[in-house]
Amino acid sequence: MIETWIAAFLTLCVFSFLYRENPFYRFAEHLFVGSAAGYLLAVQWHNVLIPNVWTPLTRGGDLVVLIPLALGLMMLARIWSKGAGIARWSIAFYVGVYSGVAIPGYMQAQIFAQLADAAKPWPPGAAGVNAALVFIGLITVLAYFFFSLPHRGIHGVGARIGIYFLMVAFGASFGYTVMARVSLLISRVQFLLRDWLHLLPS
Amino acid sequence: MRRGPLLVTFLSGAAVAALFFIPHHQAQAVNNKLLEWTLVVYAFALILGSMSLWNSHARKLNARAEGWPFSLVTLVSLVGITALGIWKGVGEGSPVGRIYNTVNSPLASTMFALLAFVIASAAFRAFRARSVEATLLLITAIVMMIGRVSIGPLISPHLPGVTEWLLDVPNLAAKRAIAVGVGLGAVSTALKIILGIERSYLGRS
Amino acid sequence: MTWARKVLSIDRRIIFLLVAAGVALPLLRPVNLPITVTPRVQAAFDAIDALPAGSKVLLSMDYEPDIMAELFPMSVAVLRHCFRKHLQVIAMTLYPAGTGLGERALRTAAKAEGAVLNKDYAWLGYKSGFQVVMIGIGENLRGMYPVDFYGTPLDSIPVTRGVNAYRQMAMVINLSGSSATDYWIQFAQGRFHAPLVVGCTAVMATDYYPYLSSKQILGLVGGMKGAAEYERLIDTVGDARRGMDAQSLVHLIVALLVILGNVALFVARRAGEDLGGRPAGSMTR
């Protein structure tokens, strides 16, 4: 009960921003930053540091975990300006691994698989017309994004058609963005009307 | 002083990219070990971020700068929830779990719910049919807004079909081109990092 | 000042009130507009429905409270469907603040369908690093999750016993509000060929049509509307379905505002009115 009232109070604090910025909103904003960071740290402690460092080290005697532990502690040196050089080693390892992961992942799923699907034979009838339109759209939008040559002549015509495809896609995205934001508001109003004021059936 | 870190980036990046294509279980064990290590490094990066948050608000508090009582709210909640979470756990039913449901959850979702108001106001003021391209965008957006919800078929039974076509043909074509473009960009950036051509992530010397 | 000029200089707070009324009134006085199921949501439902009882399904609920309005009802609906089909769900999240939400979604669905922790579902909790975890599960689930969220070793849990990689799972379901979905496509599907069903926020939904066409994902549930369709398919009434009247009305209000803004601008220009030099897109009023 008291929890519902606190949640409702904080919800209204945030909504008060719609009138103008005020101390209630700033209180809610600062509380959110602190509690979110605190929650994040506690979750990291229980879900990463304990099972992936502490337990293997103390129960299994796995000394290899000292390597990521050292890299992690070196990262903390960044808090002092003189420690930037030490933290660089951890950052280098982290960025290196993720760059290595990205190459095959993007190549396979976003380049080869998509181009393979685009190159499929077109079926007969209306589906074939749609497949042809998708193919034309792909080529013309790629032409629009190709800036190594000026958008003139046939390249310019292609890029122009590509813009039209892009505008339709962005229009669709805008419609869906409105949908998403309205959904979030509906959920908060449902909470205020049902859980707090009991004006809606549970 | 950057030669060492650049070598680490090259070795770790090249190893992980190569191991992706080697199905042997020993190779995959090495790959997994390298990936697990990044989890620990990431956890420390979050600790570093929280220390930085602490420093920033503690400075404001010490200097009694404008809005310092709000900084006190951030500091108390940061320390309190971290300590309570480490001591008592973070699962559903724990004290931090209850705080999460009461404080974090409503605050985060209401912050984003504000965007519904902002997007309606912005659409009214800024969404103008000033050119062919803008008109195309505007018409598509209106058709999608109406056609994808329950009221759409009541206005015209053809609207849902039109929205399906818009999503399946022009939208698909444009989004596929964007996906391919993003893919090419990501691969080339990753290669530049591994080969030491792109070094900005290491900061200034 | 003409009516067009007056309309264009309307206070933003009037628009805010219109939107607030558009949400609150249909919730207080619902008319229950019919919800039609779109082909992509139907495809997601069919893919899950076709799995034989006892199949292991990995469900990753990768979202935080900011977007829970869309993905929480979706999680509950998908989980209820899985439990009804007697699928064994191994649930996890890649977001630290998603831990509480994931656990709540599991408990809500389990209570509604009579599912039991560890017998019908396992809750692994959070692990950081999108790609790292996804690749890790491809070879060794226990490397990523030595224990479940409650500290129980995976071999002591009936649902996870004998399961250590995607190849022992019939499907991966990802409900996400971020680029995590891209990585599930790249690694779980692309690298390890796991059948993948995606649920995402409405903002993201249009981006995944290319992957539906290439069959990299089998179905797509987009936003609260998608969740409402899923609720209809499993014949339940949840928060998503209850919100659909409000969704329709606010969409109508926004569409009418856009049309009104354009007509007013056109009329004001025709009347040769000075629009005050303030850009039409100003958000400062």
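Me: Two residues are in contact if their C-beta atoms, placed from the backbone, lie within 7 Å. How many residues of chain C are in contact with chain B?

Reply: This is a predicted model, in which local features need pLDDT of at least 70 and side-chain atom pairs count only at pLDDT 80 or more, while totals for chains, interfaces and linings use all residues. Residues are numbered from 1 along each chain as its sequence is written, and chains are lettered from A and ligands numbered from 1 in the order in which they are written. Chain B brings 49 residues to its contact with chain C. From chain C, the number of residues in contact is 52.

Me: Which helix supplies the largest share of the side of chain C that touches chain B?

Reply: Helices (H or I, at least four residues) and strands (E, at least two) are DSSP runs, numbered from the N terminus. On the side of chain C that touches chain B, at least two residues each come from α2 (12-28), α4 (68-84), α5 (99-113), α6 (130-139), α10 (209-213) and α13 (244-270) of chain C. By class, this side has 25 nonpolar residues (Ala, Val, Leu, Ile, Met, Phe, Trp, Tyr, Cys and Pro), ten charged residues (Asp, Glu, Lys and Arg) and 17 polar residues (the others, Gly among them). The largest share, twelve residues, comes from α13(C).

Me: Which residues of chain C does UniProt list for "transmembrane region"?

Reply: UniProt positions are given here in the numbering used for this model, feature names are shortened, and annotations may be inferred rather than shown by experiment. The unreviewed UniProt entry lists, for "transmembrane region", residues 249-268 of chain C.

Me: How far apart are the end C-alpha atoms of residues 176-195 of chain B?

Reply: For chain B, the unreviewed UniProt entry lists residues 39-56, 68-87, 107-127, 134-156 and 176-195 as "transmembrane region". Over residues 68-87 of chain B, the chain is 100% helix and 0% strand, and the end C-alpha atoms are 28 Å apart. Residues 176-195 of chain B are 95% helix and 0% strand, and the distance between their end C-alpha atoms is 29 Å.

Me: How far apart do the C-alpha centres of domain 1 of chain C and domain 2 of chain C lie?

Reply: An automatic or database domain assignment gives the domain bounds. Domain 1 of chain C takes in 3-30 + 244-270, and domain 2 takes in 39-240. The C-alpha atoms of chain C fill a box of roughly 75 × 35 × 35 Å along the principal axes. Between the C-alpha centres of domain 1 of chain C and domain 2 of chain C, the distance is 37 Å.

Me: Are the residues of β5(C) buried or exposed?

Reply: A residue is buried if 20 or more other C-beta atoms lie within 10 Å of its own, exposed if 12 or fewer, and partly exposed in between, with C-beta atoms placed from the backbone. C:Leu196, C:Val198 and C:Cys200 point one way from β5(C), whereas C:Val197 and C:Gly199 point the other way. Because five of the five residues of β5(C) are buried, the strand is largely enclosed by the rest of the structure. The residues on both faces of β5(C) are buried.

Me: Which residue of β6(C) is the bridge partner of C:Val198?

Reply: Two strands pair if DSSP finds at least two bridges between them. β4 (residues 171-176) of chain C pairs with β5(C) in the parallel sense over five bridges, and C:Asn174 has C:Val198 as its bridge partner there. β5(C) also runs parallel to β6(C), joined by three bridges. In β6(C), the bridge partner of C:Val198 is C:Leu220.

Me: What is the handedness of the β-α-β unit made by β4(C), α8(C) and β5(C)?

Reply: A crossover is right-handed if, with the strands pointing away from the viewer, the path from the first strand over the helix to the second runs clockwise. The unit made by β4(C), α8(C) and β5(C) is right-handed.

Me: What is the phi of C:His193, about?

Reply: C:His193 lies in the loop between α8 (180-191) and β5 (196-200) of chain C. C:His193 is exposed, with 11 other C-beta atoms within 10 Å. Although C:His193 is not a glycine, its phi is positive, at about 60°.
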